[in-house]
Amino acid sequence: MIVVACAACFSASAMAYNGNRGAEHVEAMRLHNKIMHENRTERFPSNVIVKMRRQGTKITPTPGTLVLVRYEGRVVDKKPFINTFSENAPVRFQFDQLSSCFQESLTLMGRGGKAIVYCPPGTYKGIELAHPLEPADTKVQYIFELLDVI
């Protein structure tokens with residue numbers, strides 16, 4: 001069974017079904033997935049930049065849901081101020097209470113997704129930020145992994 005998530009994947013799968021099913025097809029699909037789904041960069045109108053490292057499923061958080069995430073937050077080019085990866089402690093949040101930076105990036109990622117996210121000032125003030133950052137116009141970089149949507 002072949003499960004596809006985008007039109008290009010569907011086309012490539014259909015061609016493989018009708019023609020070459022060998023190593024060339026496997027390599028072509030691997031390359032397609034790397035280019036189209038793992039290294040995509042999106043910029044939101046809020047100037048939040050999301051660099052996908054691993055695309056998740058189509059299951060994304062919506063208002064009223066809980067999300068289980070691991071993340072690292074750091075002031076750009078500085079030491080992390082929070083790191084739930086190293087603590088091996090995923091965190092559960094009410095999606096509605098997260099900052100706009102978290103919300104925008106998590107809806108793009110989908111369950112199982114992982115991304116590097118650059119948050120401009122004014123987009124990262126939510127419950128996930130344990131303490132205020134100084135100065136107030138600080139740019140923040142996060143690495144997010146969306147483990148589950150509940």
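A residue is called buried here when its relative accessible area is under 20%, exposed when it is over 50%, and partly exposed in between, with a 1.4 Å probe and protein chains only. The structure is a predicted model, in which local features need pLDDT of at least 70 and side-chain atom pairs count only at pLDDT 80 or more, while totals for chains, interfaces and linings use all residues. Residues are numbered from 1 along each chain as its sequence is written, and side-chain values use heavy atoms, with hydrogens and water left out.

Helices (H or I, at least four residues) and strands (E, at least two) are DSSP runs numbered from the N terminus, and two strands count as paired if DSSP finds at least two bridges between them. Strand 3 and strand 7 are antiparallel partners through nine bridges; within this pairing, Glu-72 has Ile-143 of strand 7 as its bridge partner. Strand 3 also runs antiparallel to strand 5 (residues 91–94), with four bridges between them, and here Leu-66 faces Gln-94 of strand 5. A further antiparallel pairing, of three bridges, connects strand 3 to strand 4 (residues 80–83), where Gly-73 is opposite Ile-82. The hairpin of strand 3 and strand 4 has four residues between the strands, and Asp-77 adopts a positive phi near 65° there.

Next comes the nonpolar interior. A nonpolar core is taken as a set of buried Ala, Val, Leu, Ile, Met, Phe, Trp, Tyr and Cys residues joined through side-chain atoms within 4.5 Å. The largest such core has 25 residues, and those touching the most other members are Val-50, Val-67, Tyr-71, Phe-102, Leu-106, Val-117 and Tyr-142. Two or more residues each come from strand 2, strand 3, helix 3 (100–109), strand 6 (114–119) and strand 7 (140–149). In soluble globular proteins, nonpolar side chains tend to be buried together. With contact defined as heavy atoms within 4.5 Å, and with neighbours within four places in sequence left aside, Val-67 is in contact with residues including Pro-61, Val-91, Phe-93, Leu-106, Leu-146 and Asp-148.

The loop between strand 2 (49–54) and strand 3 (66–75) contains Thr-65, and Thr-62 is found in the loop between these strands as well. Thr-65 is buried, because its relative accessible area is 15%, whereas Thr-62 is partly exposed at 38%. Residues up to four places away in sequence not being counted, Thr-65 touches Phe-93, Gln-94, Phe-95, Asp-96, Val-149 and Ile-150. The C-alpha atoms of Thr-62 and Gln-94 are 9.8 Å apart, with 32 residues of separation in sequence.

One disulfide, a pair of cysteine sulfur atoms within 2.5 Å, is found in the whole structure. It connects Cys-101 and Cys-119 at an S to S distance of 1.8 Å, and the torsion about the S-S bond is about -55°, so the disulfide is left-handed. Cys-101 belongs to helix 3 and Cys-119 to strand 6, and the pair links distant parts of the chain, 18 residues apart. Cys-101 is buried at 0% relative accessibility, as is Cys-119 at 2%.

Charged pairs complete the picture. With a salt bridge defined as a side-chain nitrogen of Lys or Arg within 4 Å of a carboxyl oxygen of Asp or Glu, the count comes to five. In one of these, Arg-54 meets Glu-145, with the closest N and O atoms 2.6 Å apart. Arg-54 lies in strand 2 and Glu-145 in strand 7, so this bridge ties together parts 91 residues apart in sequence. Arg-54 is partly exposed, at 34% relative accessibility. Another salt bridge brings together the side chains of Arg-74 and Glu-72 (2.8 Å, N to O); Arg-74 is partly exposed at 22%, and Glu-72 is buried at 11%. Asp-148 and Arg-111 also form a salt bridge, with their closest N and O atoms 3.0 Å apart. This pair links distant parts of the chain, with Asp-148 in strand 7 and Arg-111 in the loop between helix 3 and strand 6, 37 residues apart. Through shared partners, salt bridges join Arg-54, Arg-70 and Glu-145 into one network.
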